[in-house]
Amino acid sequence: MTGAAGGSDKTPSFEMTWGSSTSSGYCSEEDSSSEFEQYFTARTSFFPKIRKHDLDVKQDEQVECGKQELTTTDIQQKVKEYNAQINSNLFMNMNKDGSYTGFIKVQFKLARPVSVPPPKKGGHDAGGRKASEVKRRTSFYLPKDASKHLHISSRTSAREVIEALLKKFTVVDNPGKFALFERSERHDQVYVRKLSDDEHPLRLRLCAGPSEKILSFVLKENETGEVNWHAFSVPELKNFLRILQREEEEHVKQIVQRYALARTKMQEALAGSTPG
């Protein structure tokens with residue numbers, strides 16, 4: 001939300017400023033009678049690596065502050081203190097109704113590609129089919145260092161932030177595949193906590209202050225330990241099956257080679273030994 005909060009809370013508006021490019025590689029996929037072209041690469045795996053520092057943290061003062069209903073006086077004081085600490089024009093502003101607006105920075109840490117609709121073009125494709133009869137989608141990896149600034153309201157929820165980011169990128173993936181995390185550094189350790197859908201990132205930003213070391217926001221895949229396969233489309237599920245089969249075949253090949261090598265060495269040892 002921007003400016004004074006005059007609209008309905010159910011239809012928030014966003015102003016966004018962007019600070020980096022959008023993709024580091026892409027490929028296309030066609031929805032036709034033939035099988036879908038695989039667009040996931042070797043970077044995608046069903047067996048994610050465990051990150052040592054991605055540790056969940058208990059509710060601390062920042063979380064409690066973000067959930068508390070502060071008085072107008074408290075908010076005014078915190079906004080004043082916040083604005084006094086920043087060295088840019090990303091100020092927070094109070095509204096007459098007690099809400100406030102400001103900026104949050106969201107870093108992208110996505111391991112998998114995202115899907116977007118390709119540019120609309122008329123005419124026919126390479127196979128002579130009409131473009132209107134073919135549904136296409138383009139998938140690409142976001143840069144590892146991508147980060148975006150969003151101008152939002154204190155009433156904007158974490159779920160609305162995710163939806164706004166995806167809408168800005170015209171990402172057609174299910175928003176349920178993504179989650180917003182808060183990241184903080186304390187005592188040479190990095191702590192990460194997943195925000196619930198109804199938490200308000202700007203309130204957390206206000207309570208923590210402008211320091212990105214104390215608090216930053218990260219958009220990641222929503223990995224809960226169990227994959228919600230129903231959140232994926234049919235072509236995505238088919239691609240996952242291809243990936244799973246390829247990884248299984250590779251593991252089997254490695255095991256067979258390892259045992260074959262061990263068997264060869266044993267046979268060589270037997271051939272070179274003398275009965276005794």
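## Helix 2 and what covers it

In this predicted model, the buried residues of helix 2 (72–85) are covered by elements that include strand 3 (93–94), strand 4 (100–108) and helix 4 (201–208). Helices (H or I, at least four residues) and strands (E, at least two) are DSSP runs, numbered from the N terminus. The buried residues are Ile75, Val79, Tyr82 and Asn83, where buried means under 20% relative accessible area, exposed over 50% and partly exposed in between (1.4 Å probe, protein chains only). Seen down the axis of helix 2, they fall within an arc of 95 degrees, so they line one face of the helix; the arc is that of the directions from the helix axis to the C-beta atoms.

Thr73, Lys80, Ala84 and Gln85 are exposed on the other side of helix 2. The length of helix 2 checks out too: its 14 residues should span 20 Å at 1.5 Å a residue, and its end C-alpha atoms are 20 Å apart, which agrees. The expected span is 1.5 Å times one less than the number of residues.

## The nonpolar core

The largest nonpolar core has 34 residues, and Ile104, Val106, Phe108, Val161, Leu180 and Phe217 touch the most other members. Such a core is a set of buried Ala, Val, Leu, Ile, Met, Phe, Trp, Tyr and Cys residues joined through side-chain atoms within 4.5 Å. Elements that each supply at least two residues include helix 2, strand 4 and strand 8 (178–186), while helix 3 gives the largest share, five residues.

Take Leu180 as a closer look: beyond neighbours within four places in sequence, its contacts (heavy atoms within 4.5 Å) include Val106, Val161, Ile162, Leu195, Pro201 and Phe217.

Most residues other than glycine have a negative phi. His187 has a positive phi of about 55 degrees, and that of Asp188 is near 65 degrees. His187 is exposed at 75% relative accessible area, and Asp188 is exposed at 80%.

The protein chain has a mean pLDDT (the predictor's confidence in each residue, from 0 to 100) of 76, with 67% of its residues at 70 or more. Over residues 1–59 the pLDDT is below 50, though this stretch has 146 contacts beyond near neighbours in sequence. Where pLDDT is low, the predicted coordinates should not be read in detail.

Local features need pLDDT of at least 70 and side-chain atom pairs count only at 80 or more, whereas totals for chains, interfaces and linings use all residues. Residues are numbered from 1 along each chain as its sequence is written, and side-chain values use heavy atoms, leaving out hydrogens and water.
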